[in-house]
Amino acid sequence: MTLRPPWPRPHSGRRVPNLLRQVRRQVRRRHMTDGERDGGGGGRRTLFRIQAPRFALRHRLSVLSGGVSRPAPWRRRPISFLYYVLSVNALRPLANRVALYRSFPTRLLSRAWGRLNGVELPTWLRKPIYSLYIWTFGVNMQEAAVEDLHHYRNLGEFFRRRLKPAVRPLCASSCLVSPADGRILHFGRVKNSEVEQVKGVTYSLENFLGPQKKQAHDPSSSFRDLLLSSPDSDLFHVVVYLAPGDYHCFHSPTDWRVELRRHFPGSLMSVNPGVARWVKELFCLNERVALTGQWQHGFFSLTAVGATNVGSIRVYFDQELQTNTPRYSKGSFHDHSYVSVHQVALQTLAEGGVALQKGEALGEFNLGSTIVLLFEAPKDFSFSLQPGQRIRVGQGLGSL
């Protein structure tokens with residue numbers, strides 16, 4: 001009597017070629033013409049291709065994005081990789097993909113990137129590394145105050161390089177100029193207390209700026225109405241996106257007085273326009289520093305929004321500001337007032353603030369991010385911009 005083991009016998013190696021023959025036979029039968037199936041020799045065999053799964057996935061992603069999938073140029077490979085990470089779960093709901101992306105340790109990565117930026121590079125290694133960055137992101141070093149790549153001791157100094165004084169002239173005919181080099185994502189009037197971060201995707205103005213101390217006399221008034229000082233004015237906004245290859249400092253867009261700095265700790269997700277279309281209220285989730293005050297027409301604010309690898313937001317006149325700290329409370333914010341408040345004859349008077357002139361250097365990022373302007377102006381204010389337009393510091397944004 002022969003004893004058999006309790007586990008199933010492994011397949012014999014002879015069965016593998018048999019299975020391959022069956023698969024080939026079925027594929028050949030499916031792609032034969034009618035004449036060949038009837039036994040006629042005059043039929044013509046059709047050519048066919050077996051589509052690999054990765055090409056099928058690429059085709060499905062291209063259909064979802066509304067275009068034809070083509071290999072991305074080398075300069076755009078890092079951004080294309082980010083799109084791939086967000087699109088690889090294309091069959092899942094959008095909320096799941098956003099939750100997956102938000103789970104990435106972007107704050108930790110940004111702090112590690114900040115440490116790496118401060119590491120001094122050997123002199124012989126500086127030119128190859130900086131040249132690779134220049135080629136990848138299209139940096140124009142002819143505008144830099146110091147064109148010699150060996151001058152920059154680390155990546156941080158190279159990212160925060162200064163420009164020659166004459167390359168960014170100020171537009172004298174416009175009351176409002178661009179605060180940074182970049183691309184115009186969106187601009188226009190603020191309606192229903194909602195602001196568009198990109199076309200079709202909005203965020204709440206109240207969540208973005210936080211609560212205001214000014215109380216509304218009319219309970220039916222909106223948050224937008226709280227910011228306006230005159231019924232003859234309206235609220236406008238401009239969003240400027242700074243790419244990694246752009247000039248990383250931002251400047252004062254007009255003559256105004258900063259009264260309050262509000263720091264919102266938060267996530268550090270990418271603010272690339274492709275990601276901004278996916279994540280609703282992205283600017284409200286990311287870490288940001290909002291500077292609010294007054295200009296000649298009323299309320300004015302400039303908000304620097306952080307992003308991945310841009311956890312460090314620096315404001316030159318505020319040395320106490322510290323961003324991208326290891327621990328923070330979700331939804332919290334920290335205020336710092338530049339105005340001294342005192343009582344005079346039973347009246348509360350506010351004095352002081354930080355006076356800024358148009359074009360004055362205001363702060364800097366580490367890699368690239370977004371600047372959001374929200375300002376009160378007369379209703380006849382008109383923009384001289386186009387969506388997606390490239391813009392530089394000092395160029396006019398609009399006029400009255």
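Start by selecting β10 and strand β15 (residues 361-364), which pair in the antiparallel sense over 2 bridges. Strands here are DSSP runs of E, at least two residues long, numbered from the N terminus, and two of them pair if DSSP finds at least two bridges between them.

Before you go on, a word on the model. It is a predicted one, so local features need pLDDT of at least 70 and side-chain atom pairs count only at pLDDT 80 or more, while totals for chains, interfaces and linings use all residues. Residues are numbered from 1 along each chain as its sequence is written, and side-chain values use heavy atoms, with hydrogens and water left out.

You have an open sheet of 3 strands in the order β6-β15-β10, paired antiparallel. β6 (249-251) and β10 (314-315) are the edges; each has a single partner strand, so one side of each is left without a neighbour in the sheet.

Next, pick β1, β19 and β17. They form another open sheet of 3 strands, in the order β1-β19-β17, also with antiparallel pairing. Here β1 (176-177) and β17 (382-383) stand at the edges, and because each has a single partner strand, one side of each lacks a neighbour in the sheet. Zoom in on β1 and strand β19 (residues 396-399), antiparallel and joined by 2 bridges; V177 has G396 as its bridge partner in β19.

**Strand β5**

Select residues 233-241. That is strand β5, and 9 of its 9 residues are buried, meaning under 20% relative accessible area (1.4 Å probe, protein chains only). Show the side chains: S233, L235, H237, V239 and Y241 point one way, with D234, F236, V238 and V240 pointing the other way. In a regular strand, side chains alternate between the two faces of the sheet.

Bring in the partners. Strand β2 (residues 182-189) runs antiparallel to β5, with 6 bridges between them; look for R189, whose bridge partner in β5 is F236. Strand β16 (residues 370-378) pairs with β5 over 9 bridges, again antiparallel, and there V239 stands opposite V372.

**The cores**

Select V238, F250, W256, L291, I371, L373 and F375: they have the most contacts inside the largest nonpolar core, which has 34 residues. A nonpolar core is a set of buried Ala, Val, Leu, Ile, Met, Phe, Trp, Tyr and Cys residues joined through side-chain atoms within 4.5 Å. β16 gives the most to this core, with 4 residues. Apart from it lies another core of 27 residues, among them L209, V239, V271 and A276.

**H263**

Move to H263 in strand β7 (residues 256-264). Is H263 buried or exposed? At 5% relative accessibility, it counts as buried. Its side chain makes a polar contact with the side chain of E287 (2.6 Å); such a contact is a pair of N or O atoms within 3.5 Å, and within protein one must be able to donate a hydrogen and the other to accept it, with residues adjacent in sequence counting only if both atoms are side-chain atoms.

**Confidence**

Last, colour by pLDDT, the predictor's confidence in each residue, from 0 to 100. The chain's mean is 75, and 64% of its residues reach 70 or more. Select residues 10-16, where pLDDT stays under 50 and the model has 0 contacts beyond four places in sequence, a contact being heavy atoms within 4.5 Å.

Conventions
Buried means under 20% relative accessible area, exposed over 50%, partly exposed in between (1.4 Å probe, protein chains only).
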